[in-house]
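Hello,

Here is the structure I promised to pass on. My notes follow below it.

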Amino acid sequence: HQENASVEEKLTQICANLKSEIPYYNWVGFYFKNGDKNELKLHSFAGEPTDHTIIPFGKGICGQVAVSNKNFVVPDVKAQDNYIACSIDVKAEIVVPLFKDGENIGQIDIDSHTPDPFTLEDEAFLEFVNEKVAEILPTNFSKV
Ligand code: SME
């Protein structure tokens, strides 16, 4: 699908820019709902490749945000029971849901090697990024 291919390129560029501009953003990725399955699928990212390209709803920080529709800020990943580790270097994580037409269709996920780096400013900024991304996503983006 031509339109989706160019959107994926833009998402990859956004991930790369965020990672390079913000020193404590060490891994940046977008997960989206995988069609009609109750799982998330990794679309684009910047940083080390991860094994966790599919995450069931409810599993890990990402899977929890898929069902809570709320930002999840994790100052210390070691303190989380329901957490999927991608790298031993990761100390903290933030996941902000992405809404399209009022529906939680995905999320931006950021890992940090710095302990407790995320503030309300990061939350507001990433909400803004997601709003802008939602505007460029085709209506059926996460459904096909
Ligand atoms: N840590 C996430 C899994 C995705 S990796 O951070 C890229 C989680 O617990 O859902």
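UniProt lists residues 6–134 as "domain: GAF", in an unreviewed entry; its positions are given in the numbering used here, feature names are shortened, and annotations may be inferred rather than shown by experiment. This is a predicted model, in which local features need pLDDT of at least 70 and side-chain atom pairs count only at pLDDT 80 or more, while totals for chains, interfaces and linings use all residues. Residues are numbered from 1 along each chain as its sequence is written.

The span 6–134 is 31% helix and 31% strand, and its end C-alpha atoms lie 14 Å apart. Helices (H or I, at least four residues) and strands (E, at least two) are DSSP runs, numbered from the N terminus.

Now the ligand. Of the 15 residues around it, Gly 60, Ile 61, Cys 62, Ile 84 and Cys 86 come nearest; a residue counts as near if its C-beta atom, placed from the backbone, lies within 6 Å. The largest share of this shell, 4 residues, comes from α2, and β1 (27–33), α2 (60–68) and β6 (103–112) each supply at least two residues.

Finally, α1 (residues 2–21) packs with α3 (residues 120–136) at an angle of about 165°, with axes 11 Å apart. Axes are lines fitted to C-alpha atoms, for helices over the stretch in contact, and angles run from 0 to 180 degrees between N-to-C directions. The two helices are therefore roughly antiparallel (over 145 degrees).

Best wishes

Technical notes:
Angles under 35 degrees count as roughly parallel, over 145 as roughly antiparallel, 65 to 115 as roughly perpendicular and the rest as oblique.
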